[in-house]
Amino acid sequence: MKKVILILAALAAIATASAQKLVIKGSDTLGAKLVPTLAEEYKAKNPGVSFEIAAEGSTTGISAIIDGTAQIGMSSRRAKPTEISAAQAKGVSMKPIIVAFDGIAVIANAGNPVSSLTKRQVEQIFAGDIVDWSAVGGTPGAISIYTRNTSSGTYSDFKALATKNRDYASSSQKMAGNEQIVAEVAKNPSGIGYVGLAYMNEPGVKVMAIEGSTPTKESVLNKSYPYARPTFYYTNGEPTGEAKKFVDFTLSDEGKKIIEKIGFVAPPTK
Amino acid sequence: MLHLKSKWLALLSGALLIAAPVIAQDSGPLIDILVKKGIVTDQEAEELRADLVKDFTNNSSAGKLNLSSSLVEFKMSGDIRMRYEYNDQGPELATGAAPLNNETSRQRFRLRFNTDVILQKGWTAGFALETGQSSDSANQTFTGAADDYGVFVARAYVGWQPNANWAFVLGKQKNPFYTTEMRWDADISPQGAYENYKAFFGAKDTFEIRAMQHAMQDNNEQVAGPTGRDTWMFEQQAVLTHWFGPENLHSAIVAVGYSAYNQSSLPSTATISPSNSPLNSAAFVGSVRAQDYGTFAGEVNWANLNGAGTAFKVYWDSSYNTTGGTRAYRVYGLNPTLFSKGATAWLTGLGYSYGTGKVQGDYSAKLDYRSVGVTSVDPNTNDSDWGLSKVNQKGWKLALAYNVTDFTNFNLTYFDTKIIQQGMTFALGNLDRSHELLVDLVVKF
């Protein structure tokens with residue numbers, strides 16, 4: 001009898017431990033640096049909790065909530081109506097929670113003499129209407145465009161914010177993450193790309209002012225920077241259990257410090 | 001379910017949700033302004049957006065459509081036509097033979113469904129489905145006991161317009177030429193490659209060069225010689241459109257063109273003689289021999305001549321087959337000297353209308369007279385109703401149309417034709433007379 005009780009107790013312990021595993025999927029913008037850092041801090045305070053974090057693009061995060069394969073979906077864009085509709089068909093209620101604000105910075109090679117662009121010029125460059133730097137006051141040379149891949153929320157957000165949803169130029173090269181874009185632009189004197197705030201202050205690249213405004217905490221929060229956007233956690237309805245605790249931690253003062261430290265803008269306290 | 005956190009948000013949510021199906025997708029800027037003014041927080045705004053989208057997707061099908069972001073415009077349209085058709089016709093008979101009347105009465109319908117999209121960077125594409133497999137008629141006769149009927153692909157095309165001057169279209173497409181039904185039946189969607197150059201001048205005037213390479217018949221290239229070549233028709237046209245009069249409301253169009261085949265399957269002269277006629281005289285079976293047409297068509301429109309919304313027009317079309325004598329001899333086995341006049345076709349007509357045919361109460365009337373010589377038009381493409389698609393006919397067409405509603409038309413059309421030159425034995429040219437009445441009810445959507 002004692003053996004049976006011991007086995008049941010062990011099974012209960014295993015079950016409890018597995019229940020405390022938090023699966024988070026989605027945006028590379030959030031999932032490459034910010035959420036892993038938050039998770040490490042959270043684990044330090046809650047040793048029984050483990051994390052599985054997969055940062056493969058916002059679309060995968062929203063799909064994971066719809067499919068029930070993650071408790072939290074990271075997204076750097078809003079869920080599309082078709083995604084919300086698909087979720088509702090499965091009885092899932094998409095709940096957006098603003099995690100941080102981000103500005104999508106337009107970056108060029110550090111040696112590029114061009115320092116500012118208008119919104120119209122950005123649209124024309126990324127849509128392929130302008131193909132040479134000389135058209136925007138730069139050194140003559142073909143413009144090399146780097147974008148995120150299609151599963152990225154930043155890919156669709158920038159398309160909506162900067163190119164009026166026009167297709168990117170057919171010559172544009174699609175990169176898996178922000179860090180890859182930074183790396184390519186840093187080594188290509190004719191390169192241009194876009195990255196989240198947390199990735200813009202890297203060696204070898206410079207940030208373009210857009211209509212005279214650069215992405216800063218203030219310009220993103222007061223929305224004077226044209227390519228500012230919120231980033232999200234998505235949950236199925238109001239978060240519960242460990243997911244709720246992690247969301248609360250993210251939005252706590254301690255979490256916000258981490259958000260700011262990584263390079264995002266924390267949502268203001270009400 | 002909304003989770004309301006303030007009076008403002010409650011009021012806003014109530015107002016937006018009442019009209020959610022209409023404005024959900026347009027409410028973004030309004031919500032942004034409320035956030036900027038501090039009336040709602042970013043988080044409240046996001047929850048409101050999400051709830052509006054949920055409500056929108058629940059109450060409208062639009063939220064379930066996942067359309068490509070490359071789309072600039074997605075248009076679906078179509079019409080259903082119910083038709084009563086009566087015709088009587090008689091073939092040419094030997095002198096003294098008893099008259100022969102062939103009367104036909106049919107109840108028919110036509111369904112057309114069009115999808116046309118405008119994409120970014122000047123690209124277009126589209127397709128159309130319709131009843132009726134024949135290229136010159138989408139009509140389907142109501143036949144056996146509650147039969148079902150097939151639907152066919154009537155158009156499938158890709159277009160590209162790099163700038164205002166140039167346009168290109170590939171595939172089965174709407175007829176791009178300025179023409180009348182004397183030469184091109186309105187139901188035909190030609191297939192091939194089309195090129196258009198348009199120059200603009202004056203207030204609204206344009207000058208266009210239109211050219212199309214029509215794929216008319218796919219032949220077996222393994223057959224040696226000309227009969228193994230695919231059959232192509234090459235048509236090109238210069239079209240001048242000039243506007244004149246008060247506020248440039250009147251217009252004139254003049255179109256000069258030339259059309260010819262590659263004559264892929266023209267048999268050698270040695271095999272031809274009047275005694276072995278007719279050779280391949282039927283339409284739509286590769287009747288492509290000796291067809292080289294010079295064409296001249298146009299119209300003059302006077303707007304508001306009899307009060308606002310009225311229009312009067314004079315229009316014409318003509319065609320001359322420069323190899324008509326050869327066609328008469330080598331295709332129909334006729335003596336070319338006797339049938340040299342059969343190389344000309346002409347049409348002249350008058351039209352009067354009120355409105356554009358899109359508003360309840362609009363009406364129009366058109367009357368034309370035409371004469372179509374035996375070798376003067378391409379029997380593959382001419383009007384399938386007038387003279388029952390036969391050549392060697394002359395006669396009238398009267399067409400009346402009235403808009404019962406903005407989307408419903410009542411049409412009445414009557415044709416009356418007679419033979420021009422007697423003594424032809426082949427079916428395409430020996431129709432003595434024909435009368436046809438068409439009564440249509442058309443609903444557009």
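Modeller: Happy to! One term to begin with: a residue counts as buried if 20 or more other C-beta atoms lie within 10 Å of its own, with C-beta atoms placed from the backbone. By that rule, 46% of the 270 residues of chain A are buried. Please keep in mind that this is a predicted model.

Chain A holds 11 helices and 12 strands. If we take its contacts between residues at least 6 apart in sequence, 73% of them link residues at least 24 apart.

Now to the sheet itself. The open sheet has 5 strands of chain A, in the order β2-β1-β3-β12-β4, and its pairing is mixed. At the edges stand β2 (50-55) and β4 of chain A; each has a single partner strand, so one side of each is left without a neighbour in the sheet. From one strand to the next, the twist averages 20°.

Let me pick out one pairing. Strand β1 (residues 21-26) of chain A runs parallel to β2(A), and 6 bridges join the two. Within that pairing, Leu22(A) has Phe51(A) of β2(A) as its bridge partner. A helix also packs on the sheet: α10 (residues 241-250) of chain A touches β1, β3 (72-75), β4 and β12 (228-236) of chain A. The direction of α10(A) makes about 65° with that of β1(A).

Between the chains, 16 residues of chain A are in contact with 19 residues of chain B. On the chain A side, the elements that give two or more residues are α5 (81-89) and β4 (94-103). Helix α5(A) supplies the largest share, 5 residues. By type, the chain A side divides into 7 nonpolar, 4 polar and 5 charged residues.

Finally, the nonpolar packing. The largest nonpolar core has 81 residues, and those touching the most other members are Leu34(A), Val106(A), Ile107(A), Val185(A) and Phe264(A). Chain B takes part too: its helix α4 (residues 42-59) gives the most to this core, with 6 residues. Back in chain A, and leaving out residues up to four places away in sequence, Leu34(A) touches Ala100(A), Ala198(A), Ile259(A), Ile262(A) and Phe264(A). There is also a second, separate core of 14 residues, with Met182(B), Leu347(B), Val374(B) and Val391(B) among them. As a general point, nonpolar side chains tend to be buried together in soluble globular proteins.

Conventions
Residues are numbered from 1 along each chain as its sequence is written. Chains are lettered from A and ligands numbered from 1 in the order in which they are written. This is a predicted model: local features need pLDDT of at least 70, side-chain atom pairs count only at pLDDT 80 or more; totals for chains, interfaces and linings use all residues. A nonpolar core is a set of buried Ala, Val, Leu, Ile, Met, Phe, Trp, Tyr and Cys residues joined through C-beta atoms within 7 Å. A residue is buried if 20 or more other C-beta atoms lie within 10 Å of its own, exposed if 12 or fewer, and partly exposed in between; C-beta atoms are placed from the backbone. Helices (H or I, at least four residues) and strands (E, at least two) are DSSP runs, numbered from the N terminus. Two residues are in contact if their C-beta atoms, placed from the backbone, lie within 7 Å. Ala, Val, Leu, Ile, Met, Phe, Trp, Tyr, Cys and Pro count as nonpolar, Asp, Glu, Lys and Arg as charged, and the others, Gly among them, as polar. Two strands pair if DSSP finds at least two bridges between them. Axes are lines fitted to C-alpha atoms, for helices over the stretch in contact, and angles run from 0 to 180 degrees between N-to-C directions.
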